[in-house]
Amino acid sequence: SSVRSVETIRFNPFNENSGNQSFATAFVDENGDGLILSSIYARGRMSIFAKPLSKSSSSYELSTEEKQALKQAQKKLDRIKGND
């Protein structure tokens, strides 16, 4: 299988004037397997996280933004499957 849907959510986790520099991106295949890659940007530091997905869920807790990216990726997959 291969990645069939990629969706990114940009956000500002600290309500600073730094803009939406943080992001969560879901990469999923037709089975809901893949990963969520997210980055939290704060003045002076940046953290990156990778969380595996299996059947559209993760053994790691997903943030609100990560859940939103996954949901949008799943919607895109549903549209793709409907067009095949």
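Guide: A salt bridge here is a side-chain nitrogen of Lys or Arg within 4 Å of a carboxyl oxygen of Asp or Glu. Keep in mind that the model is predicted. A search of the whole structure finds two salt bridges.

Take Glu7 and Lys76. Their side chains meet in a salt bridge, at 3.4 Å from N to O. Glu7 lies in strand E1 (residues 5-11), and Lys76 lies in helix H1 (residues 64-83). The pair therefore ties together parts that are 69 residues apart in sequence. Glu7 has 18% relative accessibility, so Glu7 counts as buried, the cut-off being under 20%. Lys76 is partly exposed, with a relative accessible area of 28%.

Now turn to Glu66 and Lys51. Their side chains also form a salt bridge, at 2.8 Å from N to O. This pair links distant parts of the chain: Glu66 is in helix H1 and Lys51 in strand E4, 15 residues apart. Glu66 is buried, with a relative accessible area of 3%. Lys51 counts as buried too, at 14% relative accessibility.

Strand E4 spans residues 45-53 and also holds Ile48. Ile48 is exposed, at 56% relative accessible area. On the surface, Ile48 forms a nonpolar patch with Tyr41 and Met46. Together the three have about 310 Å² of accessible area.

Technical notes
Residues numbered from 1 in each chain as written. Predicted model: local features only at pLDDT ≥ 70, side-chain atom pairs only at ≥ 80, totals over all residues. Heavy atoms only, no water. Patch = residues over 30% accessible without salt bridge, like charges linked within 9 Å, V, L, I, M, F, W, Y side chains within 5 Å. Areas by Shrake-Rupley, 256 points an atom, 1.4 Å probe, with all protein chains shown as cover. Helix = DSSP H or I, 4+ residues; strand = E, 2+ residues; numbered from the N terminus. Buried < 20%, exposed > 50% of the residue type's maximum accessible area, 1.4 Å probe, protein only.
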